[in-house]
Amino acid sequence: MTLLLTNALLLPCTADMPVVENGWVQVDGETITATGAGVPPHIPGAETVDFGGDVLMPGMVNPHCHMAMTFFRGLGEDVDDRLFRYMLPLERKFVTPQAVRAGSAHAALEMIMGGVTTVADMYYYETEVAAVVDEAGMRGVLGQTLADFDPPDHKSFDEGFALVDKLVEAYGDHPRVTPSIAPHAPYSTGIEVMRRVARFAEDHPGVPVQMHVAETDQEVEWARTNFGCTPVETVEKAGLLRKGLICAHCMQVSESDIDKMAHAGVCVAHNARSNGKAGRGIAPVETMRRAGIPVGIATDGAMSGNTLDLFAQFGPVSMFQKILGHSRKPMQAVEVIRMATAEGAKVLGLDATIGSLEAGKQADLIRIDLSAPRCQPIYDIYSTLVFTAMAGDVRDTMVAGKWLMREREVVTLERKKVMRDALQVASTFKAEMARIDAGA
């Protein structure tokens, strides 16, 4: 079946980031086969969808998330020690395969409705996350987390690596799900385990590595105290600073670190909203990009950034770099949209497949209605998308030629069931929090 999407304000997100009036896209099966402007080709039997002037652009890429942690959203926000008081005890007691599935489905629903078509995730029981992503019809790079703080699904690193093997075996040949290994962070794995991950990566070149790097002051102190260097340099010592490594956060990086990262070919997932909300400062995104490091825009988990909505990240991403530069010029809106699409795809090693609308790529795309009064007038479409548009303006979402959402109705997930299951998990959290507070 040929599908023609016509009469669109087409933002293909190719190299020069053009804006195409009265644009059209032809989709055959899973693949984009042609794009253009003006009158589309006449193809007998083709289905035509008139976009009525709405924006047609690539589906957005979220390169760092903890999907199942939607059930932590808003929990203990004003409690200084919430990590040890609530988070870790709740995780150890209640994070089961069933809970992970419920939280991940909730996340998938939210992201599809917000125009996110590809996500990189790292959490526990990741085969459950993969099953949800597959069912939802999304695309994902899904990482089994390895950590030393008694996580809910492994009590030793050997057990953790076995879970990685299980994930790779189950999804190694999947067309939309890419299995990944996810050492939590340098301080929570240690240099010997990072070396083991590096060896695993050598033996499994198709399995990406993702981890938190240079995120906190405490991590910097850990690296200095134990190794006399920076967190990035500890990753380098372990042989893990390698092409394709997906580094989340990178708040505490020196100029020397950035040079090493660029030379090694690593990529960065930038989490402006969650970093700012935690008071951790501003990552030097412009400096990293100038050095040639691909940087994508991520949400982090809902525990940290509260929303899995990329539109909510755009303003902070741009404004924080403007604050650093004391000028309106840094991080222009067009660059923010590039990072959310083509550059985000490059961060995940998927830029040959997704991230732009051009012939030969997968038909991962979204439709955005900007008719709301707050979106008018439009002088610069990229500025409108970054500073004015909201997740609720996304009207349709497609992955691999399949509609996941039409007219704001998600068709691949049962919304009522997803919300019911997620809120049932949240109710157990609330009861346990009350018990903890009563015993304080």
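The largest pocket of this predicted model has a volume of about 1300 Å³. A pocket here is defined on a 1 Å grid over the protein atoms alone, as an open set of points with protein on both sides within 12 Å along at least five of seven lines, whereas a cavity is a set of points where a 1.4 Å probe fits but cannot get out; lining residues have an atom within 4 Å of a point. Grid points are joined across faces, edges and corners, and the volume is the space filled by probe spheres set on the points. Of the 37 lining residues of the largest pocket, L83, E215, R280, M303 and S304 are the closest to its centre. Two or more lining residues come from each of α1 (82–94), β7 (116–123), α7 (217–227), α10 (272–277) and α12 (302–305); α1 gives the most, with 6 residues. Helices (H or I, at least four residues) and strands (E, at least two) are DSSP runs, numbered from the N terminus. By class, the lining comprises 13 nonpolar, 13 polar and 11 charged residues. In this division Ala, Val, Leu, Ile, Met, Phe, Trp, Tyr, Cys and Pro count as nonpolar, Asp, Glu, Lys and Arg as charged, and the others, Gly among them, as polar.

The second largest pocket has a volume of about 390 Å³. Its lining consists of 23 residues, with K243, G244, L245, G265 and G349 nearest the centre. These 23 residues divide into 13 nonpolar, 6 polar and 4 charged.

The model is predicted, so that local features need pLDDT of at least 70 and side-chain atom pairs count only at pLDDT 80 or more, while totals for chains, interfaces and linings use all residues. Residues are numbered from 1 along each chain as its sequence is written, and side-chain values use heavy atoms, with hydrogens and water left out.

β7 also belongs to an open sheet of 4 strands, ordered β6-β7-β8-β9 with parallel pairing. Two strands pair if DSSP finds at least two bridges between them. At the edges stand β6 (60–65) and β9 (177–183), each of which pairs on one side only. Neighbouring strands of this sheet are turned by 15° against each other on average, direction ignored. Strand β8 (residues 139–146) runs parallel to β9 and is joined to it by 7 bridges; Q144 has I181 in β9 as its bridge partner. Helix α3 (residues 126–136) lies across β7, β8 and β9, at about 170° to β8. Contact means heavy atoms within 4.5 Å. Axes are lines fitted to C-alpha atoms, for helices over the stretch in contact, and angles run from 0 to 180 degrees between N-to-C directions.

Two local backbone features lie in loops. The peptide bond from Q376 to P377 is cis, with omega near -5°, and P377 is located in the loop between β14 (365–368) and α16 (381–387). C13, although not a glycine, has a positive phi of about 60°; C13 lies in the loop between β1 (2–10) and β2 (20–28).

Overall, the protein contains 17 helices and 17 strands. Its radius of gyration is 21 Å, close to the 22 Å that the globule rule gives for 440 residues, so the protein is as compact as a globular protein of that length. The radius is taken over C-alpha atoms, and the globule rule is 2.2 Å times the number of residues to the power 0.38. Along the principal axes, the C-alpha atoms fill a box of roughly 65 × 50 × 45 Å.
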